[in-house]
Amino acid sequence: MGKADFLSPKAISNRIKAKGLQKLRWYCQMCQKQCRDENGFKCHCMSESHQRQLLLASENPTKFMDYFSDEFRSDFLELLRRRFGTKRVHNNIVYNEYISHREHIHMNSTQWETLTDFTKWLGREGFCKVDETPKGWYIQYIDRDPETIRRQEEQARKKKQELDDEERSARMIEEQVRKGREGKDTDEAPVYTELKRESEEEKVAFNLGACSSVAGPSKSSSVLGASALKAASSSSSTSVKRKDSSSDSRGGEKKKKSALEEIIEMEKKKQQQQQPVKTDYWLQPNIIVKVITKRLGEKYHKKKAVIMEVRDKYTAVVKMIDSGDKLKLDQNHLETVIPAPGKRVLILNGPYRDVEALLDGIDEKNFSAALTLDSLD
């Protein structure tokens, strides 16, 4: 019987059948030939080419089995790494996807008899993490690629750096809150004074909330410390009124500072003038900065911007130079931009704050620069 034409229906049908997966029992791994039925497989086993392959395999059967085992392992792990990554997946799902390829290495030609044996071997050799569940065996690929390990270490380092920045910002905020509370407690500390009368004829006037009582008309009243009355009764407010011959107003006089308080205040002013003024904020309008945070994406990371407005000393509204977008960022997410030598700069902190200067040179090893200051007048 002659062979059918290439475009005949029978030839087309045979090619369609040959494309799909066939039964494993009719596949010859040595010859890598798939037969469609039992008669075809029997004819193939009797062929001369198959007999030659069997003679070659009988000379060194271990060599061929190791070769097929290595090919099966490498292809299986490559599919697991590329398709599922480091996710935990059922081993049968991976195997079904592996055997869907028509030219795959069959397991009956390897050193493993079952998929379970192969899964246990992967766990023992350290290629995968394996665990047994009531639903079967699950595997998870262990990626030991040097590039992947380096990338993971870089991500961990950046994450730790971001956490350190957040912790530093939190500590700074806590410190500011603590200083604010200490200052508030110092301002509200009661000062007790002695109750004195200059004359027995003078009358004392009290103002208790909405009610006021004045004991008789008098030309003058003695001075009473408001803080002493405040310590005695926090719910009532007391004001001391005194009439002087030179003034008709009834406003209470301010408490005079003692000589010791004046000396302490003068010493503080001298110390502030002598010490360099350095603050924990440095933002200034109309300067060029660089965005260092990655939370906004690669579009703005390491891009330059101009500060348009400074809010609350630590927050700035910036305008991106490339795109023109406006962003509101904290100063921890920005860094200054140092121009080339010979350009003009603005000093942002220290005793020469807000002074313009000329950049003469940059010392990268010592993280310093040489400046020529403008006139300080």
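Gly324 takes a positive phi near 80° in the hairpin of β10 and β11, which has five residues between the strands. Strands here are DSSP runs (E, at least two residues) and helices likewise (H or I, at least four), numbered from the N terminus. The model is predicted: local features need pLDDT of at least 70, side-chain atom pairs count only at pLDDT 80 or more, and totals for chains, interfaces and linings use all residues. Residues are numbered from 1 along each chain as its sequence is written, and side-chain values use heavy atoms, with hydrogens and water left out.

β10 and strand β11 (residues 326-330) pair in the antiparallel sense over five bridges; two strands pair if DSSP finds at least two bridges between them. β10 also pairs with strand β9 (residues 304-311), in the antiparallel sense over six bridges. Val306 stands opposite Lys319 in β10. In the hairpin of β9 and β10, with three residues between the strands, Asp312 takes a positive phi near 55°.

Five of the six residues of β10 are buried, where buried means under 20% relative accessible area, exposed over 50%, and partly exposed in between (1.4 Å probe, protein chains only). Thr315 lies in this strand, β10 (residues 315-320). Thr315 is buried, with a relative accessible area of 18%. Its bridge partner in β11 is Asp330. Leaving aside residues up to four places away in sequence, Thr315 touches Leu283, Glu309, Val310, Lys328, Leu329 and Asp330, contact meaning heavy atoms within 4.5 Å.

Elsewhere, helix α5 (residues 91-99) has the buried residues Asn91, Val94, Tyr95 and Tyr98. Seen down the axis of α5, they fall within an arc of 100°, so they line one face of the helix; the arc is that of the directions from the helix axis to the C-beta atoms. The cover over these buried residues includes α4 (61-84), β3 (88-90), α6 (115-125) and β5 (136-141).
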